[in-house]
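We will walk through the model stop by stop, with something to select at each one.

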Amino acid sequence: MKRPFLHLHLLFAVRHLCSTVAGQLLPFALLLFPLALSAQYPILPERERARVVDEILEDRLTTLLPQLMRREGIDMWIIISREYNEDPVMRTMLPSTWLSARRRTIMVFYDAGGEKPLEKLAIARYDVGNLLKGEWDINIQPNQWLALVKIIEDRNPKKIALDFSKDYGHADGLTYTEHNEFMAVLPEKQKAKIVSADRLAVAWLETRTEKEAAIYPLICRISHEIIQEAFSEKVIQPGVTTTDDVVWWMRQRVTDLGLETWFHPTVDIQRFDSDNFEHLRTFSKRPSKQVIMPGDLLHCDFGITYLRLNTDQQQNAYVLRPGESEIPDFLKKAFAQGNRLQDILTEKFKAGTTGNKMLLDALDQAKKEGITGSIYSHPIGVHGHAAGPTIGMWDQQQGVKGPGDYPLFTNTAYSIELNAAVEVAEWKKTIRIMLEEDGYYTTDGFRYLDGRQKEIFSIPRKLANVK
C-alpha cells in the first residue's frame, strides 16, 4: 500500500543530508530526488548506491573513527583478514567496489595524537579504495608480516588493538592462523602492548553518523511498506493463502526491488483454537503452510538491507470475519499492552545505563503495571543483530552476562523487540502481542526511525494504521 508521506519524508532526509555536510552530498540529492517523485520505493540504482556507501564510509573513517579511538584510548588498531574469510569489522570498512578482501588484507589505523590526522594504511598489494594507502612494496620487503612490523616499529604505539573478544562475535574476527603468524614475527616489546579491540570495534559498529541517521528512516519506511503490502488483500486471500505464501512473497518483493534481506522472514498465526504460544513455536517450531482464515491474528518478522544498514520489524494484522468492520476490542486492548511495554522500555534509555539494567528496570515497571512482558531487544545497524548493549534475550530474562553489561551510548540504533502476554477470555487462552520496531537514541532521547505500529492492520485494510 502506498504511503502518502513517503516522498515528503525522503525530501526532508535529503535536505538534512545536504545541510549537515555543507553540500558535499549534493550530487546524491539531485539523483535521488527524481526517483523519489517517480516511484513508490525510491531505491537508488546500483552505481548511485555505491557513491552513497563510499561517501558515508569516508565520513566515518575520517571523522568518526579518530573520535572513537581517542574515546577508547587506542592509538593503533590493526585488522587482518584473508579473502572470503573477512573480519566482520573489515567488511564494514571495504569500499563499495570491494566485495571481499584481496589475498591477505591488513588495515592499520594510527593516531599520532595532537592535531595530526589519523593515518589509514593498508599493508597489502593494493590501495583499499581511496581511503587506505597501500604501504607494502614487495620489491623492498617480500614478507608481508615484516612489512607490518616495520610500520609498528616506526610508529611505536602505546597500544596495539586486535580484533579478539569473548563477548562479541562481531569483534572476534582475528583468526587463529593469522594471530599465530603475526605473533611469530612481532618483537617481544611490541607483544606487551597487545590489547583487545572489542570496545573500539563495538563503538565503530554501533555508532551512526549524521549522514546515516538521515538515511535510516527511509530504509525503515521501505521495510514498513513491504510489510503493509504483504498484510493486505493484494497478497492475502483468506481460505487460500498460506503463511508460507506470504513469506515467499516478501522474499520475492525484496529481490524484485533490488534489495537484500539478512534473514528469512516469518509469518505466523494466533487464532481461536487450542494451540498455545511458546517462543520456540515462533522461532524454530512454527507450523508451516498454515492457511490464513478470517479471525486470524497474523504476525510477521521481517527485515531488509539497504545502503549497508538493516531493519528488523515485527507487525500484526487481523483478518476480518464476514460482517466485521472493526478489529475486536479484546485484540485492541491486548495490542495496547504491547505498545505500553515498548514505552516502558524506551523510557529507560539513558546514556551510560547497561542493557541489563534497562531490561530489569523495564520488567519491574511492567510487572507493577500488570503487564506480563518479555523483552529481547538488540542494537541494529550494519548488522541485523548488531554490536552494543544486549537488552535481554527471550530465554535470558534475568540479564545477559557480557554484552548485557555494555553501556548505552548516543547516536546508536536499536530494535525494540518484545512481547506482552495477554489473557484473552474470548479465545480462552493467552496470546502474545509480539512487536519489533527500529529506533534511534541521541542526546535528545529515543525516537522511532519511522514511527511504530499503534493499531493492528485489518485485512481488508483501513488506512492510517501506522502513526
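Colour by secondary structure to begin: the chain has 13 helices and 17 strands. Both are DSSP runs numbered from the N terminus, with helices being H or I of at least four residues and strands E of at least two. This is a predicted model, in which local features need pLDDT of at least 70 and side-chain atom pairs count only at pLDDT 80 or more, while totals for chains, interfaces and linings use all residues. Residues are numbered from 1 along each chain as its sequence is written, and side-chain values use heavy atoms, with hydrogens and water left out.

Now colour by accessibility. Of the 467 residues of the chain, 57% count as buried; buried means under 20% relative accessible area, exposed over 50% and partly exposed in between, with a 1.4 Å probe and protein chains only. Among contacts with a separation of 6 or more, 69% are between residues 24 or more positions apart. A contact here means heavy atoms within 4.5 Å.

**Stop 1: the cores**

Select F231 and L298. These two have the most contacts inside the largest nonpolar core, which has 42 residues. Such a core is a set of buried Ala, Val, Leu, Ile, Met, Phe, Trp, Tyr and Cys residues joined through side-chain atoms within 4.5 Å. Elements that supply at least two residues each include helix 3 (46–72), helix 10 (243–256) and strand 8 (297–302). Helix 9 gives the most, with 10 residues.

Stay on L298 and show what surrounds it. Leaving aside neighbours within four places in sequence, L298 touches F231, I236, D268, I269, I292, Q315, N316, A317, V319 and I459. Then select Y318, A366, V424 and W427, which are among the residues of a second, separate core of 35 residues.

**Stop 2: the pockets**

Which residues lie nearest the centre of the largest pocket? Select R91, E260, T305, L307 and R308 to see them, out of a lining of 24 residues. The space in this pocket is about 790 Å³. Pockets and cavities are found on a 1 Å grid over the protein atoms alone: a cavity is a set of points where a 1.4 Å probe fits but cannot get out, a pocket is an open set with protein on both sides within 12 Å along at least five of seven lines, and lining residues have an atom within 4 Å of a point. Points are joined across faces, edges and corners, and a volume is the space filled by probe spheres set on them.

Helix 3 gives the most to the lining of the largest pocket, with four residues. By class, this lining has 12 nonpolar, seven polar and five charged residues. Here Ala, Val, Leu, Ile, Met, Phe, Trp, Tyr, Cys and Pro count as nonpolar, Asp, Glu, Lys and Arg as charged, and the others, Gly among them, as polar.

Next, select Y376, H378, H385, M393 and E417. Of the 25 residues lining the second largest pocket, these lie nearest its centre, and the pocket's volume is about 510 Å³. Helix 11 (279–283) and strand 13 (378–379) each supply at least two lining residues. The lining divides into 10 nonpolar, 10 polar and five charged residues.

**Stop 3: the largest cavity**

The whole structure has three cavities of 30 Å³ or more, and the largest holds about 120 Å³ of space. Select V53, I56, L57, R60, T92, W204, E212, L307, R308, L309 and V382 to show its lining. Helix 3 provides the largest share of that lining, four residues.

**Stop 4: salt bridges**

A search of the whole structure finds 25 salt bridges, each a side-chain nitrogen of Lys or Arg within 4 Å of a carboxyl oxygen of Asp or Glu. Select D111 and R70, whose side chains meet at 2.8 Å, N to O. D111 sits in the loop between strand 2 (104–110) and strand 3 (119–122), and R70 in helix 3, 41 residues apart. D111 is buried at 10% relative accessible area, whereas R70 is partly exposed at 44%.

Move to E229, which is buried at 2% relative accessible area. Its side chain forms a salt bridge with K234 (2.4 Å, N to O) and another with R253 (3.2 Å, N to O). Because E229 lies in helix 9 and R253 in helix 10, their pairing ties together parts that are 24 residues apart in sequence.

Finish by selecting R82, R104, E178 and E181, which salt bridges with shared partners join into one network.
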